Amino acid sequence: VDLSAQIANMKVNNLFLNASGIHCQTEAELDDLMQEPVSGAMVTKSMTPQSRFGNPLPRYYRLANGSINSMGLPNEGFDYYMDYLKTHDQIKPVIVSVAGRSKEEDLAMLHTLQDDDSYQGLTELNLSCPNVIGEPQMAYDFPAANDLLKEVFSFYKKPLGIKLPPYFDLVHFDQIAELLNQYPLSHVNTINSIGNGLWIDVNSETVVLKPKGGFGGVGGSMVLPTALANVRGLRQRLNPSIKIIGTGGVTNGRDAFAHILCGAEMVSIGTQLYEEGLGAFERVTRELTDIMEAKGYELLADFRGKLKVIE
Ligand SMILES: O=C(O)c1[nH]c(=O)[nH]c(=O)c1Cl
């Protein structure tokens, strides 16, 4: 799938997809996403070479205005998802999310995808999982990320995007964009959860997640300002050929509209999709369509990236 081809004159109805990790680990969940009539694409749970149970429970907790998770990359393993693609009609593009626990694991999975002539899909290299115990986030280690991407693009010739964590300093927007602009990326998906937050139950004076002493990635409506900043900051700095999937904090049509104003080509829904169910796609799409009609916009391209600043 070439996102730009799908994006050309996209109307609202195929704008949305799930955030990786949400309703996308098992065959049954993937079938639900495949059959869901409104979303325009879907992404798998980030996969590792072997299946993983992930971190001990409790590892997800809903907050008043978001979520915190320390799942620890639970997934069915690379071969399971390859089999899924080979045995199911792709009614919509399936983005394959890859998250090796080392450079070697990333390269091994990407070599297999590159060498598999039957695989013509869009792949997303997740450089931003914050919850694998003892593993630093590659996307915060610029030299290591550059080494990895240099090696990846020496052999990987199919469409490839990367999933980034949020950055919080404009100098880091400059640095990651300068790094990424060297490579023929299909897209950047930003943001992943805000890593290593901490939530406390004051009544019991206890953390709410078991792994990592309670530290986990934060998502949901409270991360919208950070998500919008990262979509906007990267859109302003990345080559136009690198599309942006906006992820983070989308709960309604207004949030999706804001992501598109910042330059998002497609928009993921994560925490809200998990809490509300797949019906969120239809609701958010309807809300966005209503906003567009009220404003006189017919196409997403009519306002994409056209955020105004105060002169
Ligand atoms: O703990 C996880 O599985 C996880 N959780 C996240 O919030 N982002 C990720 O990329 C991953 Cl891989």
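## Overall architecture

The protein chain contains ten helices and 14 strands, where helices (H or I, at least four residues) and strands (E, at least two) are DSSP runs numbered from the N terminus. This is a predicted model, in which local features need pLDDT of at least 70 and side-chain atom pairs count only at pLDDT 80 or more, whereas totals for chains, interfaces and linings use all residues. Residues are numbered from 1 along each chain as its sequence is written, and side-chain values use heavy atoms, with hydrogens and water left out.

For 311 residues, a compact globule would have a radius of gyration near 19 Å, and the 18 Å of the protein chain agrees with this; the radius is taken over C-alpha atoms, and the globule rule is 2.2 Å times the number of residues to the power 0.38. The C-alpha trace spans about 55 × 50 × 40 Å along its principal axes. Among contacts with a separation of 6 or more, 75% are between residues 24 or more positions apart, a contact being heavy atoms within 4.5 Å.

## Burial and the nonpolar cores

Of the 311 residues, 56% count as buried; buried means under 20% relative accessible area, exposed means over 50%, and partly exposed lies in between (1.4 Å probe, protein chains only). In soluble globular proteins, nonpolar side chains tend to be buried together. The largest nonpolar core here has 73 residues, and those with the most contacts inside it are Leu125 and Leu180; such a core is a set of buried Ala, Val, Leu, Ile, Met, Phe, Trp, Tyr and Cys residues joined through side-chain atoms within 4.5 Å. Helix H5 (residues 142–155) supplies the largest share of this core, seven residues. Apart from this core lies another, of eight residues, among them Leu63, Val218, Val223 and Ala227.

Leu180 shows how parts of the sequence come together: leaving aside residues up to four places away in sequence, Leu180 touches Leu149, Ile162, Leu164, Leu185, Val188, Leu238 and Ile242.

## The enclosed helix H8

Helix H8 (residues 253–261) is largely enclosed by the rest of the structure, because seven of its nine residues are buried. These buried residues are Gly253, Asp255, Ala256, Phe257, His259, Ile260 and Leu261, and what covers them includes strand S1 (16–18), H7, strand S13 (243–247), strand S14 (266–269) and H10.

Within H8, His259 has a relative accessible area of 0% and is therefore buried. Not counting residues up to four places away in sequence, His259 is in contact with Leu224, Ala227, Leu228, Val231, Gly246, Thr247, Gly248, Val250, Ala264 and Val267.

## Salt bridges

The whole structure holds ten salt bridges, each defined as a side-chain nitrogen of Lys or Arg within 4 Å of a carboxyl oxygen of Asp or Glu. One of them joins the side chains of Arg101 and Glu135 (3.7 Å, N to O). This pair links distant parts of the chain, 34 residues apart, with Arg101 in the loop between strand S5 (94–98) and helix H4 (103–115) and Glu135 in the loop between strand S6 (122–126) and H5. Arg101 is partly exposed at 32% relative accessibility, and Glu135 is also partly exposed, at 28%.

Another salt bridge is formed by Asp174 and Arg237, whose closest N and O atoms are 2.6 Å apart; here too distant parts of the chain are linked, since Asp174 lies in helix H6 (residues 170–180) and Arg237 in helix H7 (residues 224–237), 63 residues apart. Asp174 is partly exposed at 40% relative accessibility, and Arg237 is partly exposed at 24%. By contrast, Glu287 and Arg283, with closest N and O atoms 3.0 Å apart, are separated by about one helical turn because they are four residues apart in helix H10 (residues 279–295). Glu287 is partly exposed at 24%, whereas Arg283 counts as buried at 17%. Salt bridges that share partners join Glu276, Arg283 and Glu287 into one network.

## The surface

The accessible surface of the protein chain comes to about 13300 Å², of which 53% belongs to carbon and sulfur atoms; accessible areas come from the Shrake-Rupley method with a 1.4 Å probe, and for residues only the protein chains shown count as cover.

Leu198, Ile200, Val202, Val207 and Phe215 make a nonpolar surface patch of about 420 Å². Patches are made of residues with over 30% relative accessible area and no salt bridge, like charges being joined within 9 Å and nonpolar side chains (Val, Leu, Ile, Met, Phe, Trp, Tyr) within 5 Å. Val202 sits in the loop between strand S10 (200–201) and strand S11 (206–207), and counts as exposed at 64% relative accessibility.
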